Structure formats: structure tokens, C-alpha cells
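Okay, thanks for coming, everyone. I'd like to walk you through one model today, so let me put it up on the screen.

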Amino acid sequence: MAETFEIQIVTPSRLVIRDDVEEAVAPGAMGDFGVLPGHAPFMSAIRVGEIWTRKGSARTTYVVANGWAEVSPGRMIVLVEGAEREGEIDVDHAEEERRYAEELLAKNPEGPEAERAETLLEWADLRLTRAGVQRPTPGDTPTP
């Protein structure tokens, strides 16, 4: 049995990673799932969350938006709306998306547009958290 498998994380605009890894864990719609070399084939919806990969002692984390994953014995392909490697997160863009999502929710608090805005807000918040940006919680007062 092979000791590694190929993983690809792809967005509509780019290939985020193509590498051979020993292990991966992804945020499936029904819960996180792990993949090892030789895994049985399956497909899963992917929710907003983190995919991490391991190769030797090196572990790499990617934040991902909604999409799909296809796993086969030698490969895992993840097609998602957005993905960024931890350490390469565009904080300005995430903050801009967060503001946009909050505006959408204020205008349309229910329905399909609200669901999309909530997903965008969750995606932006996850990216900001992984980038180490501290967000004030409601009720916090700034200290002088």
C-alpha cells in the first residue's frame, strides 16, 4: 500500500495545493473526516472550516469555504468556493467580506440571501481568527 496520496484543493480561480501527503482531515457536511493512503472511495460536501494535511512531521492548515471532496485510493480532490493557506490569509479582504456580509444580513435577515451572507460571514470570521486578528465581542469596551 502507498504511504502517501495526492491532495488537490481547487477554487474557481486557482489551484491552492497539489501535493503528496500522508494524512488529511477535512470539514465534511456531516462532521470532520480523515483520509489516509488507500482510503475507500467516497464523496462528501465540504462546509466552511479547516483542512489540515500532514507530511512527516509537517502539518499545514487551509481554511476553506463550501464545496465538495472526492476521495479515491490514491487521491483527494477538494473543489471549494474559497481556500487560503494559514499564514497567507488576506486579512484586508477578509475584513471587507465581513463588512459586506454584515450589510447583507442587515438588509435581508431571512431567506436565501441571508443564508449566503451567513456563510460568507462565517468564512470571513474563520480567516480572521486563523490570521490572529482579535475581534471585539459585543459589550466589550475599548481600553484607553
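So, how many helices and strands does the chain have? The chain has two helices and 10 strands, where helices (H or I, at least four residues) and strands (E, at least two) are DSSP runs numbered from the N terminus. Reading from the N terminus, the order is β-β-β-β-β-β-β-β-β-β-α-α.

Before going further, some ground rules. This is a predicted model, with local features needing pLDDT of at least 70 and side-chain atom pairs counted only at pLDDT 80 or more, while totals for chains, interfaces and linings use all residues. Residues are numbered from 1 along each chain as its sequence is written, and side-chain values use heavy atoms, with hydrogens and water left out.

Now the overall picture. The C-alpha trace spans about 60 × 40 × 25 Å along its principal axes. Of the 144 residues in the chain, 38% are buried; buried means under 20% relative accessible area, exposed means over 50%, and partly exposed is in between, with a 1.4 Å probe and protein chains only. Take the contacts with a separation of 6 or more, and 52% of them are between residues 24 or more positions apart. Contact here means heavy atoms within 4.5 Å.

Let's go inside. The largest nonpolar core has 20 residues, a core being a set of buried Ala, Val, Leu, Ile, Met, Phe, Trp, Tyr and Cys residues joined through side-chain atoms within 4.5 Å. Which members touch the most others? Those are I7, I9, F33, I46, V64, M76 and V78. Strands 1, 2, 3, 4, 7, 8 and 9 each give two or more residues to this core. Apart from it there's another core, of 12 residues, including V63, A65, A101 and A117.

On to strand pairing, which needs DSSP to find at least two bridges between two strands. Strand 3 and strand 4 pair in the antiparallel sense over five bridges, and a hairpin of two residues joins them. If you want a spot to look at, A24 stands opposite V35 in strand 4.

Last topic, charges. The whole structure has 12 salt bridges, meaning a side-chain nitrogen of Lys or Arg within 4 Å of a carboxyl oxygen of Asp or Glu.

What does D19 pair with? D19 bridges to K55, with the closest N and O atoms 3.0 Å apart. D19 lies in strand 2 and K55 in strand 6, so this pair ties together parts 36 residues apart in sequence. D19 is partly exposed at 29% relative accessibility, and K55 is partly exposed at 40%.

Next, R54 forms a salt bridge with E22, closest N and O atoms 2.7 Å apart. R54 sits in strand 6 and E22 in the loop between strand 2 and strand 3, 32 residues apart.

E81 is in the loop between strand 9 and strand 10, while R116 is in helix 2, so the bridge ties together parts 35 residues apart in sequence. E81 is partly exposed at 44%, as is R116 at 47%. And salt bridges that share partners join E22, E23 and R54 into one network.

That's my tour.
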